[in-house]
Amino acid sequence: MQDMLLIALFAFLGAAVAGLLGALALRALRHRSLAVSLTVVSTVAVTAMFTGTLAVAWAMFLSRHDLFVVTTVVAMAAVVSLATALLLGRWVAARSNALTQAARSFGDGGRFPAPGAAEAGDPAEFAALTRELAATSEKLAASRDRERALESSRRELVAWISHDLRTPLAGLRAMSEALEDGMVEDTGRCLRQIRTEVERLNAMVGDLFELSRIHAGTLALTTHQVPLSQLVEEALAGADPLARQNGVRLVGDAVASVPVEVDAHEMTRVLGNLLVNAIRRTPEDGTVAVHARTAEEDEKVVLSVTDGCGGIPEEDLPRVFDTGWRGTHARTPPGAGLGLAIVRGIVEAHQGTAAVRNVTGGCCFELTLPRALPGPRASAEA
């Protein structure tokens with residue numbers, strides 16, 4: 001038993017010396033490549049075995065021949081181990097360099113070309129890293145696409161706003177110059193026209209301010225439980241004069257017993273925007289219908305506004321709620337293309353969704369809102 005303890009002690013001391021030297025070498029070479037680190041680790045393992053073997057052989061006083069045999073066996077094992085470590089290190093370094101080069105491509109705006117990710121010889125860590133890089137590349141590509149779409153929307157918005165501001169400003173300038181020169185006989189009519197143009201400009205600035213709050217995430221909502229029928233009735237009452245003026249029938253039915261947790265003012269604005277848009281795009285003697293239904297399976301309320309505009313081209317449907325989008329037909333009176341963007345922003349601030357689809361003779365805008373939870377709830381901000 002004592003001999004075994006001595007053998008273990010001598011082997012441990014020899015291996016400890018090699019391990020200590022290897023740790024110092026790894027610390028000194030920690031900034032070098034992975035291949036160098038693998039070579040150092042393999043060298044430490046072989047050296048530890050070699051020094052331990054020699055220490056035990058020396059302690060056991062082996063013959064010169066036996067010591068030579070042991071040394072030769074250990075040396076051959078060391079050569080094979082070092083060669084294997086070098087090959088493994090070169091392979092790992094090559095795979096790492098390939099991943100580095102591939103990662104640079106999608107960092108510069110391209111997509112990640114997986115460098116042999118499907119090879120059966122890849123270890124699990126490299127395969128997982130390749131999958132993560134590919135997923136990150138897809139996310140970056142989608143983010144770039146969204147950024148390009150937003151930039152396009154911003155450019156369209158600036159162009160439409162510039163155009164829409166120029167018309168009322170030119171009219172105001174002409175009327176003010178006519179009043180200044182005494183060229184207007186009916187000054188009351190001219191002043192009323194000036195007031196109308198100012199109101200248009202004020203509404204446009206209000207829409208821009210509302211949209212900026214939505215995009216900045218500073219839209220404050222004071223929510224209460226409100227019957228859905230109340231929101232629909234108020235919106236229909238506000239849109240009725242415009243409907244009468246355009247000869248459009250308004251039809252509204254709602255689920256009176258369904259409460260929703262919303263900011264009544266903002267949701268009335270949402271419905272008002274949808275109704276005004278629907279009335280203006282519906283021909284005379286047409287119908288604009290408001291309908292509400294519940295979806296019991298997910299505790300949602302679906303509020304829809306259907307018009308008779310004749311439908312929206314399928315290729316334009318994904319862009320209907322984009323900022324500044326107005327499609328191929330000009331609106332009358334012209335708008336800045338902000339109404340539907342504001343609708344989507346307010347609905348999403350209520351944790352809902354806004355969608356549009358074509359129906360027979362027109363299109364249907366659907367707002368999905370969460371139903372109010374039982375019991376009173378405090379005001380919230382979004």
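Helices here are DSSP runs of H or I with at least four residues, and they are numbered from the N terminus. Leu20 lies in one of them, helix α1 (residues 2-28). The model is predicted, so local features need pLDDT of at least 70 and side-chain atom pairs count only at pLDDT 80 or more, while totals for chains, interfaces and linings use all residues. Residues are numbered from 1 along each chain as its sequence is written, and side-chain values use heavy atoms, with hydrogens and water left out.

**Surface patch**

- Val17, Leu20, Leu21 and Leu24 form a nonpolar patch on the surface, and together they have about 410 Å² of accessible area.
- Patches are made of residues with over 30% relative accessible area and no salt bridge; nonpolar side chains (Val, Leu, Ile, Met, Phe, Trp, Tyr) are joined within 5 Å, and like charges within 9 Å.
- Accessible areas come from the Shrake-Rupley method with a 1.4 Å probe, and for residues only the protein chains shown count as cover.
- Leu20 has a relative accessible area of 54% and is therefore exposed, given that exposed means over 50%, buried under 20% and partly exposed in between (1.4 Å probe, protein chains only).

**Second largest pocket**

- The second largest pocket holds about 470 Å³ of space.
- Of the 20 residues lining this pocket, Leu150, His215, Asp322, Thr323 and Arg344 are the closest to its centre.
- A pocket is found on a 1 Å grid over the protein atoms alone, as an open set of points with protein on both sides within 12 Å along at least five of seven lines, whereas a cavity is a set of points where a 1.4 Å probe fits but cannot get out; lining residues have an atom within 4 Å of a point.
- Grid points are joined across faces, edges and corners, and the volume is the space filled by probe spheres set on the points.
- Helices α4 (124-181), α5 (187-216) and α8 (339-349) each supply at least two lining residues, and α4 gives the most, with eight.
- The lining has 11 nonpolar, four polar and five charged residues, where Ala, Val, Leu, Ile, Met, Phe, Trp, Tyr, Cys and Pro count as nonpolar, Asp, Glu, Lys and Arg as charged, and the others, Gly among them, as polar.

**Salt bridges**

- A salt bridge is a side-chain nitrogen of Lys or Arg within 4 Å of a carboxyl oxygen of Asp or Glu, and the count by this rule is seven.
- One of these joins Arg173 and Glu177 at 3.2 Å, N to O; both residues lie in helix α4, four residues apart, about one turn of the helix.
- Arg173 counts as exposed because its relative accessibility is 59%, and Glu177 as partly exposed because its value is 37%.
- In helix α5, Arg195 and Glu199 are also four residues apart, about one turn of the helix, and their closest N and O atoms are 3.4 Å apart.
- Arg195 is exposed at 58% relative accessibility, and Glu199 is partly exposed at 45%.
- Arg244 forms a salt bridge with Asp240, with 2.7 Å between the closest N and O atoms; this pair lies in helix α6 (residues 228-246), four residues apart, about one turn of the helix.
- Arg244 is exposed at 65% relative accessibility, and Asp240 is partly exposed at 27%.

**Leu165 and Arg200**

- Leu165 is found in helix α4 and is partly exposed, with a relative accessible area of 27%.
- Leu165 and Arg200 are 35 residues apart along the chain, and their C-alpha atoms are separated by 9.4 Å.
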